[in-house]
Structures are given as structure tokens and as C-alpha cells.
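Subject: Structure handover and notes

Hello,

Please find the structure below.

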Amino acid sequence: MKQKRSTFRHSPSLIGVQFFCLLSALSAQQPQFEFNDSHLHLTNYIQEGTDIHKFLEIMGTTTGRVAIFGIPLQQQWSFRVDAERGPTYYLNSDAPLYYYSFTDAWIATAYKALSPQQQSRLDPMITGFNPTDMYAADHIRRVLRTFPGVFTGIGEFTIHKEFVSAKVAGSVASLQDPALDRILDFAAEVGLVVIIHNDIDVPFAKEGSPPAYLNPMKVVLKRHSNATIIWAHTGVGRVVRPIKDHAAHLEEILRDPDFNHVCFDISWDEVAKYVAASPEATRITAGLIERYPDRFLFGTDAVAPTSQSDYLKVFNQYRPLWNSLSAATRDKVLKQNYERIFNDARHKVRTWESTHRPPQGTHTPPL
Ligand SMILES: [Zn+2]
């Protein structure tokens with residue numbers, strides 16, 4: 001038995017065959033689900049969340065597959081600042097946030113408690129790293145080697161985000177930071193999907209001024225054309241509205257072959273709110289997606305959902321958009337783009353893991 005496991009661990013071709021058998025079995029079993037979810041936080045800003053078995057119940061037959069991750073930042077409960085009132089969200093307190101790497105171990109442990117069939121419906125992501133730290137890429141490598149057979153990508157991690165960036169203890173994240181280049185280089189080497197949150201602009205930007213972080217983001221994306229990158233929320237933030245030219249900015253990226261490795265997720269109720277705000281907004285969004293149907297993914301951005309109705313809120317908010325898309329495009333945004341991107345990444349990461357053994361002395365679970 002030991003011998004057999006070891007053969008599997010070191011043979012990319014065998015892993016590939018197993019992997020594709022599992023995928024075909026999965027797609028044969030689940031023809032009726034409504035969507036795959038490319039963006040789900042199983043835990044919240046104080047690292048509490050939904051039990052993974054309960055979450056599978058919430059997915060039920062409505063959801064096919066889900067990319068799951070924690071939240072890399074922990075809201076500190078500072079008694080000096082908040083006294084008895086323990087904050088649960090970053091807007092509830094002036095106390096700082098800090099990077100909480102244990103989130104990755106927590107997600108991996110929860111995932112490993114599931115059956116192979118349950119696991120095949122989830123794509124765990126590594127998120128507990130500090131993107132200003134040159135050692136962040138080493139954290140990602142360490143997590144992959146400690147928990148082989150678990151992760152598909154990295155993220156959601158954040159560079160610029162309204163009130164969050166300034167609240168993080170230590171250095172403010174930056175698109176110009178070489179630590180970010182190391183992270184993206186390593187993701188490309190392994191084949192990890194990257195989900196990055198970067199507001200396209202500063203909060204309450206002056207009307208008519210160019211979005212502050214659009215060009216710096218494009219420079220970074222262009223420099224990492226070997227990585228598969230999903231720009232979360234299309235760059236929209238809580239108080240960073242999709243300005244009049246938002247669709248035009250996205251189209252500039254979408255039509256430029258230098259950005260063929262970049263997709264967008266339309267997750268978050270804040271994004272859905274803008275898209276569904278008027279027939280005009282829905283029409284502009286649907287038009288853009290129809291022109292680039294392979295480049296958008298649906299995600300919920302739900303945080304530790306407690307019930308199916310809670311979890312389906314964003315999907316339902318998008319009804320006007322679903323009704324405005326052709327059946328073929330809707331199917332891509334809701335299902336096929338996820339399967340293409342995450343299947344490809346799973347296969348590449350398993351292959352990388354099979355040639356990079358875990359650190360000596362750690363227990364190696366079978367793949
Ligand atoms: Zn998110």
C-alpha cells in the first residue's frame with residue numbers, strides 16, 4: 001500500500017489520469033446545477049465561519065463547484081480601543097488588521113476531512129500571506145508542500161481596497177512592490193490560479209479624473225503574462241463605483257492580446273447592485289460580456305454563509321443580467337469558464353506537487 005501511494009505521488013501521468021477520471025465522473029453526476037462559484041470566503045474577519053459539511057449542504061444541487069478560501073486578515077480585538085465590544089468586521093473598529101497565515105491550515109484541514117467526491121467539488125485557495133513580504137512566495141510554497149493535493153490557486157488577496165489597505169498593520173500593499181512580482185512569478189511557475197482584489201480607483205475619486213490604480217495594475221498584469229489571473233469584482237470597490245467609463249476601461253484590457261491571461265469575476269453584492277441598478281447598466285454589462293464571453297466568471301463573494309437563501313442572494317440579484325445574456329454566454333459565465341480555468345490549474349498544481357516533495361519529517365497524506 002505504501003509502495004502504491006509513493007508511485008502515485010511521483011507520477012504526474014498517473015495523477016493526470018486519476019484526476020480526469022474524477023472530473024468526468026463528477027460532470028456525469030451533476031448535470032443540473034445552476035452555477036459554479038469562483039469566490040467564496042468560508043471564514044470571516046475574525047476567522048470564524050461555516051462548517052465545511054454544512055457548506056456542502058448549502059451548495060446542495062444548486063451549486064456545482066466552489067473556490068473556497070478564508071480571509072487573510074484578522075481584525076484585532078483591542079480592549080484599549082473597543083473595550084468589551086469585540087469587533088467582527090473591519091469597519092467596526094479603529095484597531096488594525098493583521099495577516100493571519102493559519103487560515104490556510106484551517107481551510108486545508110477542513111477540506112481533508114471530506115470524502116474524495118465532496119473534495120472534487122471544491123477548489124481551496126491559499127490566501128494567508130502578506131503581499132508586501134518578499135517571503136510571501138515561500139509561504140505559498142510551504143503550504144503546497146505541507147498540504148499536497150489540496151490547493152488550486154492563491155487569493156483572494158488584496159493590494160488596494162478602500163478602508164482596508166490603511167488599516168493593515170505594517171507596510172501598505174503596493175502594485176509596485178517586488179514582493180508581488182515574486183508571488184505572481186511563483187504562481188505562474190506552479191500553475192496556480194490567482195484571484196487578486198485591487199480597487200481600480202481611490203475612494204471618493206474626483207469626477208473625471210483617471211482611475212488611480214488602472215494603469216499601475218495593467219503594468220503588473222502585462223509583466224506576468226504566464227500567470228492565470230482573475231481580477232476580482234472587475235476592480236469595483238465598496239465606495240469605488242463603476243464610473244461611467246468602467247466598461248470601456250475593461251474593454252481596453254479585454255481586446256488587448258497582452259492581457260489574454262486576465263479574466264474578471266463579477267462577484268460581490270456591491271457589484272451586482274450596480275449591474276442591476278438600471279436597464280441601461282445591465283445592458284452595458286451584458287454587451288461587454290457577450291463580446292468577451294470567455295473572460296468573466298460568476299462568484300458570490302459570500303462570507304461564511306449560514307443558509308442557502310443567504311448564499312444565493314448575489315446569484316438572484318443578478319437575474320436581470322442572466323435574462324439579458326444569450327444561453328451560451330450565460331453558461332460560460334456561470335459554469336464553463338470556471339471549469340476551464342480551475343481544471344487546468346488543478347492539473348498543473350498536482351503535477352508540480354508530484355515533483356516537489358513535502359519537507360522532511362512532515363506527514364504526507366496520499367494524493
Ligand atoms: Zn472576496
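The notes run from the overall fold to single residues.

First, the ground rules. Residues are numbered from 1 along each chain as its sequence is written. This is a predicted model: local features need pLDDT of at least 70 and side-chain atom pairs count only at pLDDT 80 or more, while totals for chains, interfaces and linings use all residues.

**Overall**

The protein chain has 17 helices and 11 strands. Both are DSSP runs, numbered from the N terminus: helices are H or I with at least four residues, strands are E with at least two. Of the 367 residues, 43% count as buried. Buried means 20 or more other C-beta atoms within 10 Å of the residue's own; exposed means 12 or fewer; partly exposed lies in between; C-beta atoms are placed from the backbone. Among contacts in the protein chain with a separation of 6 or more, 82% join residues 24 or more positions apart. A contact needs C-beta atoms, placed from the backbone, within 7 Å.

**Core**

The largest nonpolar core holds 91 residues. Such a core is a set of buried Ala, Val, Leu, Ile, Met, Phe, Trp, Tyr and Cys residues joined through C-beta atoms within 7 Å. Ile68, Ile140, Val194 and Ile230 have the most contacts inside it. Helix α17 (residues 327–355) gives this core its largest share, 7 residues. Beyond four places in sequence, the contacts of Ile230 include Val193, Val194, Ile195, Phe264 and Leu297.

**Helices**

Helix α11 (residues 246–254) packs against helix α13 (residues 279–291) at about 5°, axes 10 Å apart. Axes are lines fitted to C-alpha atoms, for helices over the stretch in contact, and angles run from 0 to 180 degrees between N-to-C directions. The pair is therefore roughly parallel. That label covers angles under 35 degrees; over 145 is roughly antiparallel, 65 to 115 roughly perpendicular, and the rest oblique. Ala247, Leu250 and Glu251 of α11 meet Ile284, Thr285 and Leu288 of α13.

Helix α10 (residues 214–223) buries Met217, Val220 and Leu221. Seen down the axis of α10, these fall within an arc of 100°, so they line one face. The arc is taken over directions from the helix axis to the C-beta atoms. Exposed Asn215 and Val219 sit on the face turned away. The cover over the buried residues of α10 includes α9 (178–190), β8 (228–231) and β9 (262–265).

**Backbone points to check**

Most residues other than glycine have a negative phi, and most peptide bonds are trans.

- The peptide bond from Gly155 to Glu156 is cis, with omega near -5°. Glu156 lies in strand β6 (residues 153–158). Glu156 is buried because 27 C-beta neighbours lie inside 10 Å. Setting aside neighbours within four places in sequence, Glu156 contacts His39, Phe69, Thr127, Ile195, His197 and Ala232. His41 is 115 residues from Glu156 in sequence, yet 8.8 Å away, C-alpha to C-alpha.
- Ala83 has a positive phi, near 50°. Ala83 is in the loop between α4 (79–82) and β4 (97–99). Ala83 counts as exposed, with 9 C-beta neighbours inside 10 Å.
- Asp301 has a positive phi of about 60°. Asp301 is in the loop between β10 (296–297) and β11 (302–303). Asp301 is buried, with 22 other C-beta atoms within 10 Å.

Best wishes

Key
Two residues are in contact if their C-beta atoms, placed from the backbone, lie within 7 Å.
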